[in-house]
Amino acid sequence: MTQIVQPTNLSLEVILLRLGAVFMLSGLVGIERQADNQAAGLRTHVLIGLGATLLMMLSMYIPMHLQAGDPARIAAQVVSGIGFLGAGAILRLGATVRGLTTAASVWAVAAV
């Protein structure tokens with residue numbers, strides 16, 4: 001289990017295990033959202049989770065194997081990009097605001 005969380009271990013088995021874990025965790029959030037008939041459901045949450053995970057692993061892989069680059073650069077862009085997606089989900093309709101929970105769930109899934 002400790003091999004999974006070590007940032008220096010990016011073997012194929014660890015990558016697949018991480019992607020599988022993210023698929024299941026983000027899928028659980030997506031299933032819950034889809035059951036409530038929300039706009040962002042299973043597919044959206046799984047895609048965001050997998051995409052964020054792949055980009056985070058890439059941000060670790062590049063400096064480790066190419067001895068160049070800053071591992072925080074891609075990660076920072078993922079965080080701001082997910083914030084942009086979440087902001088697009090928030091709508092103000094008169095006195096009511098819709099989409100805050102969707103934006104928060106998208107952000108949380110990307111953080112997983």
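## Terms and model

A residue is buried under 20% relative accessible area, exposed over 50%, and partly exposed in between, using a 1.4 Å probe and protein chains only. Phe23, at 46% relative accessibility, therefore counts as partly exposed.

This is a predicted model, in which local features need pLDDT of at least 70 and side-chain atom pairs count only at pLDDT 80 or more, while totals for chains, interfaces and linings use all residues. Residues are numbered from 1 along each chain as its sequence is written, and side-chain values use heavy atoms, with hydrogens and water left out.

## Confidence

The score pLDDT is the predictor's confidence in each residue, from 0 to 100. The protein averages 87. At least 70 is reached by 93% of the residues. Confidence is lowest in helix 1 (residues 2–5), with a mean of 62. Confidence is highest in helix 2, at 93.

## Overall layout

The protein has five helices and two strands. Both kinds of element are DSSP runs, numbered from the N terminus: helices are H or I with at least four residues, and strands are E with at least two. Read from the N terminus, the order is α-α-α-α-β-β-α.

The C-alpha atoms fill a box of roughly 50 × 25 × 20 Å, taken along the principal axes. The protein has 112 residues, and 28% of them count as buried. A contact means heavy atoms within 4.5 Å. Take the contacts with a separation of 6 or more: residues 24 or more positions apart account for 45% of them.

## The nonpolar core

In soluble globular proteins, nonpolar side chains tend to be buried together. A nonpolar core is a set of buried Ala, Val, Leu, Ile, Met, Phe, Trp, Tyr and Cys residues joined through side-chain atoms within 4.5 Å. Here the largest one has seven residues: Ile48, Ala52, Val78, Ile82, Val106, Val109 and Ala110. Helix 3, helix 4 (71–89) and helix 5 each give two or more residues to this core. Helix 5 has the largest share, with three residues.

Look at Ala110 in this core. Setting aside neighbours within four places in sequence, Ala110 is in contact with Ile48, Ala52 and Ile82.

## The largest pocket

Rolling a probe the size of a water molecule over the atoms shows where empty space is left. The search uses a 1 Å grid over the protein atoms alone and a 1.4 Å probe; a pocket is an open set of points with protein on both sides within 12 Å along at least five of seven lines. Lining residues have an atom within 4 Å of a point. Grid points are joined across faces, edges and corners, and a volume is the space filled by probe spheres set on the points.

The largest pocket has a volume of about 220 Å³. Its lining includes Arg18, Leu25, Thr53, Met56, Met57 and Met60. Helix 2 (12–35), helix 3 (42–66) and helix 5 (100–111) each supply at least two lining residues. Helix 3 gives the most, five residues. By class, the lining has ten nonpolar, one polar and one charged residues. Ala, Val, Leu, Ile, Met, Phe, Trp, Tyr, Cys and Pro count as nonpolar, Asp, Glu, Lys and Arg as charged, and the others, Gly among them, as polar.

Start with Phe23, in helix 2. Phe23 and Val106 are 83 residues apart in sequence and 14 Å apart in space, C-alpha to C-alpha. Next comes Tyr61, in helix 3. Tyr61 is partly exposed, at 41% relative accessibility. Beyond residues up to four places away in sequence, Tyr61 touches Leu10 and Leu66. Tyr61 and Leu91 are 30 residues apart along the chain, and their C-alpha atoms are separated by 37 Å.

Ala111 is in helix 5. Its relative accessibility is 57%, so Ala111 counts as exposed. From Ala111 to Ala76 is 35 residues in sequence and 12 Å in space, C-alpha to C-alpha. Finally, find Asn37 in the loop between helix 2 and helix 3. Asn37 counts as exposed because its relative accessibility is 71%. Its phi is near 55°, a positive value in a residue other than glycine.
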